[in-house]
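Q: I would like a close look at a single part of this model, with its surroundings described in one connected account. Please start from the pairing question below.
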Amino acid sequence: MRSRSPSSALAWSKKLQQSETRVVLQQVEGVLIIPFPDPVHDAFLAELQASTLDYLHRSPVSGLVLDLSAVEILDEHDFSRIRAICHGAGLMGARIVLAGIRPGVAAGLAMMDLDASWADTALTVDDAMERVR
């Protein structure tokens, strides 16, 4: 088995970090859909905020669907950052729907007694699309 050289390991680490922060924005029928990676990192959330608000400024949409179906763990810090991003998007006129929240994530958020009344929720992205059209 070959070991990586220090410069190779550094390049691999940077590539991995870039993939963790990459935000994919998909506009479908006037709705912006953003899939979340698992795990969710601070760098991703920072890029998400900048990318989303910039996109909404350039291309008005009727709604924003955050696809959380891949996320297995979401802590209070991550949830509050998502809330802040959604608040900014709402101020820019987008209706926000959180889609695909897994049972474990829902249970964890409920146990932390976090308020999610600021966003609509849906089981699937398709259901979310119906709500924002």
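Which residue in β4 is the bridge partner of Leu64?

A: The partner of Leu64 in β4 is Ile96. The model is predicted, so local features need pLDDT of at least 70 and side-chain atom pairs count only at pLDDT 80 or more, while totals for chains, interfaces and linings use all residues. Residues are numbered from 1 along each chain as its sequence is written, and side-chain values use heavy atoms, with hydrogens and water left out.

Leu64 belongs to β3 (63–67). Helices (H or I, at least four residues) and strands (E, at least two) are DSSP runs, numbered from the N terminus. β3 runs parallel to β4 (residues 95–99), and five bridges join the two. With β2 (residues 31–35), β3 is again parallel and again joined by five bridges; here Val65 of β3 is the bridge partner of Ile33. Two strands count as paired if DSSP finds at least two bridges between them.

These strands belong to an open five-stranded sheet with the order β1-β2-β3-β4-β5 and mixed pairing. β1 (26–28) and β5 (120–122) are at the edges with a single partner strand each, so one side of each has no neighbour in the sheet. On average, neighbouring strands are turned by 25° against each other, direction ignored. β1 and β2 run antiparallel and share three bridges, with Gln26 opposite Ile33.

All five residues of β3 are buried (under 20% relative accessible area; exposed is over 50%, partly exposed in between, with a 1.4 Å probe and protein chains only). Gly63, Val65 and Asp67 lie on one side and Leu64 and Leu66 on the other, and both faces are covered.

β3 takes part in two right-handed β-α-β units, one made with β2 and α2 (residues 42–58), the other with α3 (76–91) and β4. Right-handed means that, with the strands pointing away from the viewer, the path from the first strand over the helix to the second runs clockwise. α2 lies across β1, β2 and β3, at about 170° to β2. α3 touches β3 and β4, and its direction makes about 150° with that of β4. Axes are lines fitted to C-alpha atoms, for helices over the stretch in contact, and angles run from 0 to 180 degrees between N-to-C directions.

The two helices also pack on each other, at an angle of about 10° and with axes 10 Å apart. That makes α2 roughly parallel to α3 (under 35 degrees; over 145 is roughly antiparallel, 65 to 115 roughly perpendicular, the rest oblique). Residues of α2 that meet α3 include Leu45, Leu48 and Leu53, and those of α3 include Ile82 and Ile85. This contact has eight nonpolar, three polar and three charged residues; Ala, Val, Leu, Ile, Met, Phe, Trp, Tyr, Cys and Pro count as nonpolar, Asp, Glu, Lys and Arg as charged, and the others, Gly among them, as polar.

Val71 is in the loop between β3 and α3. At 1% relative accessibility, Val71 counts as buried. Leaving out residues up to four places away in sequence, Val71 touches Phe36, Pro37, Asp38, Val40, Arg102 and Val105, a contact being heavy atoms within 4.5 Å. The C-alpha atoms of Val71 and Arg102 are 7.3 Å apart, with the two residues 31 apart along the chain.
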